[in-house]
Amino acid sequence: MSAPNTVVPPPAPEISAAAAFPEGAQGHHELPAFPSGFDAQADELVTHYPVSKRSASLPLLHLWQETFGYISPAGIEWIAGKLELQPINILELVTFYPMFREHPIGRIQIKVCRTLSCALAGSYALCDHFQKKCGTAEPDAHGIATSPDKKYSVEFVECIASCGTAPVIMIDDDFHENVTTARADELLAKYTA
Ligand code: FES
């Protein structure tokens, strides 16, 4: 894990556009099964942007990631097709914004705040502790470290608005404050029980 003053290079694209989209706008990756209402929900989002459908790119990427867990090449092609764009127009957003993921991550998602109050309260050591306990691999280009069995992913996030109770973490949608390494072990036991 990087020290607080380490300069982290910007994320590099993990998918070569030429390799992922040799047919240009014509999608060739198999789509996953859509949950009921998914297509209609996407269409409804697009209606929010009557002047330029392109503006729906980020909302559709969020919808896809919330539904399928990560942005696959099939998802990039599907969103591009819906917005009458080229896949590369969507891919460049996925590789630019760190909140988008290009691979499946862990079923249990641990997010450790690394902003000033939490960093001073030991969040870097805490993140290291979680990574060791969860047996994660090195973080990917988006800063997410995932265990080989895809059970856990651990990543840093920026301030999650509880600086007075640092260090603060989230596990899935649950918020935890004043997290020591001992508390981290208790939490892991609880979430994996
Ligand atoms: S600095 Fe961590 S919650 Fe604000």
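Two residues are taken to be in contact if their C-beta atoms, placed from the backbone, lie within 7 Å. Helices (H or I, at least four residues) and strands (E, at least two) are DSSP runs, numbered from the N terminus. The structure is a predicted model, in which local features need pLDDT of at least 70 and side-chain atom pairs count only at pLDDT 80 or more, while totals for chains, interfaces and linings use all residues. Residues are numbered from 1 along each chain as its sequence is written.

A residue is called buried if 20 or more other C-beta atoms lie within 10 Å of its own, exposed if 12 or fewer, and partly exposed in between, with C-beta atoms placed from the backbone. On this scale, 30% of the 193 residues of the chain count as buried. Among contacts in the chain with a separation of 6 or more, 62% come from residues 24 or more positions apart.

Next comes a pair of helices. Ser 57, Leu 60, Leu 61, Trp 64 and Phe 68 in helix 3 meet Gly 75, Ile 79 and Lys 82 in helix 4. By class, this contact has 5 nonpolar, 2 polar and 1 charged residues, where Ala, Val, Leu, Ile, Met, Phe, Trp, Tyr, Cys and Pro count as nonpolar, Asp, Glu, Lys and Arg as charged, and the others, Gly among them, as polar. Helix 3 (residues 57-68) and helix 4 (residues 73-82) pack at an angle of about 145°, with their axes 10 Å apart. Axes here are lines fitted to C-alpha atoms, for helices over the stretch in contact, and angles run from 0 to 180 degrees between N-to-C directions.

The 5 strands form an open sheet of mixed pairing, in the order 2-3-1-4-5; two strands pair if DSSP finds at least two bridges between them. Strand 2 (144-146) and strand 5 (174-176) are the edge strands, each pairing on one side only. From one strand to the next, the twist averages 20°. Strand 1 (residues 108-113) and strand 3 (residues 152-157) run parallel and are joined by 6 bridges. In this pairing, Cys 113 stands opposite Val 157 of strand 3.

A nonpolar core is a set of buried Ala, Val, Leu, Ile, Met, Phe, Trp, Tyr and Cys residues joined through C-beta atoms within 7 Å. The largest one has 21 residues, of which Ile 110, Val 112, Cys 127, Phe 130, Val 154 and Ile 169 touch the most other members. Two or more residues each come from strand 1, helix 7 (123-134), strand 2, strand 3 and strand 4 (169-171), and helix 7 gives the largest share, 5 residues. A second, separate core of 15 residues includes Ala 56, Ile 76, Ala 80 and Leu 83.

Cys 127 is found in helix 7 and is buried because 26 other C-beta atoms lie within 10 Å. Its C-alpha atom is separated by 9.4 Å from that of Thr 181, 54 residues apart along the chain. Pro 98, in the loop between helix 5 (87-96) and strand 1, counts as partly exposed because it has 16 C-beta neighbours inside 10 Å. Pro 98 and Ala 141 lie 43 residues apart in sequence and 8.5 Å apart in space, C-alpha to C-alpha.
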